[in-house]
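Here is a guided walk through a structure with more than one part to follow. Keep the sequence and the 3D view side by side as you read.

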Amino acid sequence: MTEPSATVPATAVSAESTTAGRALRAHPPEVSAAKARRWGAFYYAEQVLRVMKGYGWSIFLYSVGQPAAYLFAMGVGLATLVDTNAVSAFGGVSYIAFIAPALLVSAAVMTAATEFTFPVMDGFKWRRVYYGPHASPLTPEQIAAGQIIAVTLRFLLQSVIYFAIVALFGASPSGWGWGSVLVATLAGLSFGLPLMAYAASIKEDKGQFAMVMRFIVMPLFLFSGTFFPLDTLPVLVRWIGWISPIWHGTELGRVMTFGYEESPVLTIIHMVFLLALAWIGWVLTKRQFVRRMGQ
Amino acid sequence: MPELHSAEGTSNKPVPAHEEGPEPPHYVITAENLTKTYGDVTAVDGISFRVPAGESFGLLGPNGAGKSTTMKMIGGVSQRTSGNLTIMGLDPEQNGPEVRAHLGVVPQQDNLDEELKVRDNLLVYGRYFGLPMSYLRPKADELLEFAQLTDKAKSKVDALSGGMKRRLTIARSLINEPRILLLDEPTTGLDPQARHILWDRLFRLKEQGVTLILTTHYMDEAEQLCDRLIVVDKGRIMAEGSPAALIRDYSTREVLELRFGSERNASIGAELEGIGERLETLPDRVLIYTHDGESALEEVSARGLRPLTSLVRRSSLEDVFLRLTGRSLVD
């Protein structure tokens, strides 16, 4: 039994309880349904953001700590060697400016690899959190979209912090550098949404996500022109870059942050590639969610 | 908490007609020949029933009878294979969000958000109905009080016992003030005390005129809470009626339970012939259905039979189920 407290008088408990003298009444079901049809995805995003707030500090430290560590190690340590030996190989800018957009994009992709895997498994299987909202007016598509909206906001926030640190290191000489924040967010979705569709299809956890990290994310990170231009690699492995959202995002980011010279056609290809992959991922995710929750 | 009842005292009548339907839904739920198959398996095999507003309606049956599948179809989250189904006059497949907006749902497995605090679970859930925070904050406090969880408001869900989680799930299902509440095995896995607390809360809702649809494989739960129920087995309706009527129709007033030890239970049948109206031999005991258990027991003694234990009790839905299917409800 709770102690009678001054803030909640006993009468406030009854169904007749009032706020400012008015009876406490839910709006009618028709209104709920109409609102949910319109805003449902945002309602679910709100839930995901509330959960993220619970581990907000670790998100913040990850967002600040990771770029700071990488930029310091690579940009200050390694760069002193690189810059004295091969400036021309890196688009004529300092090594730190060369790798900064790559690290920004890679960080978003790595976040995608966690945010679009374990929470999806949690939603369908471990703690079945999707099935709560599923019984409400929300639809499976809206639940999927809500999660994507929330994670997109995380990408944006994380990339803004990352970019601010990059700018502090003086590693974004161009005035268009802020655009790399959007590029990183798009790259995160482009990698993350197909992964989300895959995660939604998994019925049994057999360590698939660890495999994704080891055999997809890591090779993409290393062979996507992150630390050296893609064309310094043998032709045999260059294809890894071509199909990698990290490479397309990184090249696009470089155009933004230091005016990296490449054919405009290639710039358009990067954008189309990232958008197309994200769109395919969304279509597949939506289908998986509807199928799995409609049974 | 008398205010809770009187506040909704007028709502024992059928719910008012809704504007959108051509005919006012006299029945809040109608199911006709409802069927659901998964591949070769027919989980629900052409069941029909109607539930008027304010009724407490139960689906009683063993595990795998098709109760949960039926509930999912009513809840608008599972598509039927054939048949007709309306909730508040709406087809859940055409108007999923509209149907679900009318309902409160307590699923068989709790799916609370364990990373959120107890009270936040209610707020977040209310947002799914587009309810404003100015309504949700006081409503959440009211429901926590109702669920006897006020002092746990700021705890993580992890820290709650099974019974508390169940009560929180029920509180969550009430956040939109639904007039229809779906409860799938609400007390399975709870200890007796937790079950009684939960029954009490459900009974209060019933008094407020909320239509309760519940599945259970506990006959005592069905007897406590249901005005009317259907007995379901293998996806079909075996019988329908109030608990008392079912017992009257399918069983006798009393039952004499005798145990002769597992060796003899099976063979003793012949020696008990003629006592009571009907005899049922189970592996662990023999049941004699009779209107007068004490006289039947005297008759057993008069025949020189000495059971290890004997018990006279009233008939229950368990007996109805046994009669209808030849099997026990649990196991």
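Predicted model: local features only at pLDDT ≥ 70, side-chain atom pairs only at ≥ 80, totals over all residues.

Residues are numbered from 1 along each chain as its sequence is written, while chains are lettered from A and ligands numbered from 1 in the order in which they are written.

Start with chain A. It holds eleven helices and two strands. Helices (H or I, at least four residues) and strands (E, at least two) are DSSP runs, numbered from the N terminus. From that end, the order of elements is β-β-α-α-α-α-α-α-α-α-α-α-α. The C-alpha trace of chain A spans about 80 × 45 × 35 Å along its principal axes. Of the 295 residues in chain A, 46% are buried. A residue is buried if 20 or more other C-beta atoms lie within 10 Å of its own, exposed if 12 or fewer, and partly exposed in between, with C-beta atoms placed from the backbone. Among contacts in chain A with a separation of 6 or more, 79% link residues 24 or more positions apart. Two residues are in contact if their C-beta atoms, placed from the backbone, lie within 7 Å.

Now look at helix H1 (residues 29-54) of chain A. It has 26 residues, yet its end C-alpha atoms are only 31 Å apart. A straight helix would reach 38 Å at 1.5 Å a residue. The expected span is 1.5 Å times one less than the number of residues in the helix. Where does H1(A) kink? The kink, of about 80°, is centred on A:Trp39. The bend at a residue is the angle between axes fitted to the seven residues ending there and the seven starting there. Buried residues of H1(A) include A:Pro29, A:Ala36, A:Gly40, A:Tyr44 and A:Val48. The buried residues of this helix pack against helix H5 (131-134) and helix H6 (140-168) of chain A. They also pack against helix H3 (96-102) and helix H4 (118-127) of chain B.

That leads to the contact between the chains. Chain B gives 42 residues to it, and chain A gives 42 residues. On the chain B side, helix H1 (2-6), H3, H4 and helix H5 (133-146) each supply at least two residues. H5(B) brings the largest share of that side, seven residues.

Next comes the nonpolar interior. In soluble globular proteins, nonpolar side chains tend to be buried together. A nonpolar core is a set of buried Ala, Val, Leu, Ile, Met, Phe, Trp, Tyr and Cys residues joined through C-beta atoms within 7 Å. The largest core here has 154 residues, and A:Leu104, A:Ala187, B:Ala171, B:Leu182 and B:Leu212 touch the most other members. Helix H3 (residues 95-115) of chain A gives the largest share of this core, 16 residues. A second, separate core has twelve residues, including B:Leu258, B:Phe260, B:Leu272 and B:Val300.

Turn to the open sheet of chain B. Six strands form it in the order S5-S6-S7-S3-S8-S9, with mixed pairing. Two strands pair if DSSP finds at least two bridges between them. The edge strands are S5 (103-106) and S9 (236-241) of chain B, each pairing on one side only. From one strand to the next, the twist averages 15°. Helix H6 (residues 162-173) of chain B packs on the sheet, touching S5 and strand S6 (180-184), and its direction makes about 165° with that of S5(B). Axes are lines fitted to C-alpha atoms, for helices over the stretch in contact, and angles run from 0 to 180 degrees between N-to-C directions. Strand S8 (residues 228-233) of chain B pairs with S9(B) in the antiparallel sense over five bridges. There, B:Val231 stands opposite B:Ala239.

Finally, find strand S12 (residues 286-290) of chain B. Five of its five residues are buried. B:Val286, B:Ile288 and B:Thr290 point one way, and B:Leu287 and B:Tyr289 the other way. Strand S10 (residues 254-259) of chain B runs antiparallel to S12(B), joined by five bridges. B:Leu258 has B:Val286 as its bridge partner. Strand S11 (residues 278-281) of chain B is also antiparallel to S12(B), with four bridges. A hairpin through four residues joins S11(B) to S12(B).
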